[in-house]
Amino acid sequence: MPLENSFADGSDAPLHRVVADLIGTSGIAQRDLLARAGLSKDQLSRALKGSRHLSSEEAIAILAAAGLPARGALTLALFGRQDLAGEWARSGMAAFLETLVAALPDALAAEIGETSDRVDPRWGPQAARFVAQRIAHHIAELVEREERLGEFKPVIGRSSG
C-alpha cells in the first residue's frame, strides 16, 4: 500500500521525519542497515536526510531492517500522528497497531459479512473507544492476576496434627 501523495500536502516529508526519527533513536548505525535494507550508503543517507524521494517500500525496508514495526509506525504517520510513531514503535504499541490493522479486514468480513454496506463511518471513533476500553480491561485483569501470583505463598511442609 503506497503512501506516496497520501499526506495532506502531497509530500513525503512526514515519511522522512518518522523514518529518520525512528532510525536516529534506535541506536542502530546506518552502516548496519545498508545490507539489510537493500540500499546503498548514499541512498540511505539521502533518504534519511530528506534530500531524495523515499518510497513507502523503502521506508518499510529501512524500519524492518532496524527491527521496528514499520507498517504500524507508518500508519500513524499516514494519519498525521508522527508524534506517536516514535513513542509507539519503542513501546510495542505500533506492533499492536500493525497486527490489529492486518487482522481487522478479515474479522470485519467474518462478523459483518454481506451487511458491510450498512457500516456508518461515524461509528469509527466509538468503535475505537470500545476496543481501547476492552484492551485496558484485559491489561487491568493481567496486572491483578500477576499481583495475586506475587502474593501467593505456598505452604511448605505442612504438619498434620
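Before I continue, a word on the basis. This is a predicted model, in which local features need pLDDT of at least 70 and side-chain atom pairs count only at pLDDT 80 or more, while totals for chains, interfaces and linings use all residues. Residues are numbered from 1 along each chain as its sequence is written, and side-chain values use heavy atoms, with hydrogens and water left out.

Let me turn to the overall architecture. The protein chain has eight helices and zero strands, where helices (H or I, at least four residues) and strands (E, at least two) are DSSP runs numbered from the N terminus. Of its 161 residues, 28% count as buried; buried means under 20% relative accessible area, exposed over 50%, and partly exposed in between (1.4 Å probe, protein chains only). Among contacts with a separation of 6 or more, 64% join residues 24 or more positions apart, a contact being heavy atoms within 4.5 Å.

Next, helix H3, which spans residues 41-49. Its buried residues are Leu44, Ser45, Ala47 and Leu48. Seen down the axis of H3, these residues fall within an arc of 165°, so they line one face of the helix; the arc is that of the directions from the helix axis to the C-beta atoms. Their cover includes helix H1 (13-26), helix H2 (30-37) and helix H4 (56-65). Just after H3, Gly50 takes a positive phi of about 85°.

Helix H4 also holds Leu63. Leu63 counts as buried because its relative accessibility is 0%. Which residues does Leu63 touch, not counting those up to four places away in sequence? They are Val19, Leu22, Ile23, Leu68, Ala70 and Leu74. Leu22 and Leu63 are 41 residues apart along the chain, yet their C-alpha atoms are separated by 7.7 Å.

I now come to the charged pairs. Side chains of opposite charge can pair when their charged atoms come close. A salt bridge here is a side-chain nitrogen of Lys or Arg within 4 Å of a carboxyl oxygen of Asp or Glu, and by this rule the count comes to six. One of them joins Arg52 and Glu58, with the closest N and O atoms 3.0 Å apart; both residues are buried. Another links Arg81 to Asp83 at 2.9 Å, N to O, and Arg81 is partly exposed, with a relative accessible area of 37%. In a further bridge, Asp120 meets Arg122 at 2.5 Å, N to O. Asp120 counts as buried at 18% relative accessibility, whereas Arg122 is exposed at 68%.

Finally, the largest pocket. About 860 Å³ of space lies in it. Of the 31 residues lining the largest pocket, the closest to its centre are Thr75, Leu97, Glu98, Leu100 and Val101. For the definition, on a 1 Å grid over the protein atoms alone, a pocket is an open set of points where a 1.4 Å probe fits, with protein on both sides within 12 Å along at least five of seven lines; lining residues have an atom within 4 Å of a point. The largest share of the lining, nine residues, comes from H7.

Conventions:
Points joined across faces, edges and corners; volume = space filled by probe spheres on them.
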